[in-house]
Amino acid sequence: MSHARLASWRERGGAVCDGLARPLVGLGLWVGRVTSWLVLLVMLAVLTTVALNALGINEIVAWQGNVLLFGHALTINSVTELQWHLFGVLTLLGGTYALHHDSHVRVDLIYQKLSPRGRAIVDILGHLVFLIPFCLLVAWLSQHFVMMSYVSGEKSNYGGLTDRYLIKAMLPIGLVFLALGALGQVLHNLAGLFDPARLKPAADAKEALHG
């Protein structure tokens, strides 16, 4: 038995939503892939710290002038704090990647038992009511947090990294990326509600989103 042809307005609606969703989802995936390389830098910083501790070296190199993040010298405290900074960037900018791959923590009682349409509705409501407003609110409130760090010239008290406003700025930036990624998923799911052929079973949902 052949299926009835979908109304043209629903086909157009699905195509438009899908077209808008793809660049937003693609941006989140690209940022996640790029920041994943920070894992190697974190490992290098950890190994460097261990080696310097074993050798009893504190100051590695000093120079004239002021270098962004490192100030006037590279010390073991600089490398130690760099681990935290890099891990913070990795976590905040990698959150969107985890969201798109559905590898974030999900408290799931009924979600997996729903139909593809039901899951799409739950995701749309959850993103619009909870995730996106939370991300935008915290990003907006954290502007003052970043500005105060910049104006005060906040830096380590133990000869570590300077310019701490840079790492603090990753909080609003990461949350804005997460909100954009969530908006991309909302549009992707709306495309599925317009055109049910775009809705996939749970096992195929990730592949459809990324393809």
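Helices, as named in these legends, are DSSP runs of H or I with at least four residues, numbered from the N terminus. The model shown is predicted.

**View 1. The loop between α4 and α5, with D163.** D163 lies in the loop that joins α4 (116–152) to α5. Although D163 is not a glycine, its phi is positive, at about 55 degrees.

**View 2. Packing of helix α1 against helix α5.** Helix α1 spans residues 8–36 and helix α5 residues 165–194; their axes lie 7 Å apart and form an angle of about 155 degrees. Because angles over 145 degrees count as roughly antiparallel, α1 is described as roughly antiparallel to α5. The crossing of α1 past α5 is left-handed. Residues of α1 that make the contact include W9, R10, C17, D18 and L24, and those of α5 include F177, Q185, H188 and F194. Sorted by class, this contact of α1 with α5 comprises 16 nonpolar, 5 polar and 2 charged residues.

**View 3. Helix α3 and its kink at G94.** Helix α3 covers residues 76–100, 25 residues in total, and extends 37 Å from its first C-alpha to its last, close to the 36 Å expected at 1.5 Å a residue. A kink of about 40 degrees in α3 is centred on G94. After α3 comes D102, with a positive phi near 55 degrees.

**View 4. The loop between β1 and β2, with L69.** Strands β1 (59–67) and β2 (71–75) are separated by a loop in which L69 is found. L69 is not a glycine, yet its phi is positive, at about 75 degrees.

Definitions and conventions: Residues numbered from 1 in each chain as written. Predicted model: local features only at pLDDT ≥ 70, side-chain atom pairs only at ≥ 80, totals over all residues. Heavy atoms only, no water. Helix = DSSP H or I, 4+ residues; strand = E, 2+ residues; numbered from the N terminus. Expected span 1.5 Å × (residues − 1). Bend = angle between axes of the 7 residues up to and from the residue. Axes fitted to C-alpha atoms, helices over the stretch in contact; angles between N-to-C directions. Parallel < 35°, antiparallel > 145°, perpendicular 65-115°, else oblique. Left-handed = near helix turned anticlockwise from the far one by under 90°. Contact = heavy atoms within 4.5 Å. Nonpolar A, V, L, I, M, F, W, Y, C, P; charged D, E, K, R; others polar.
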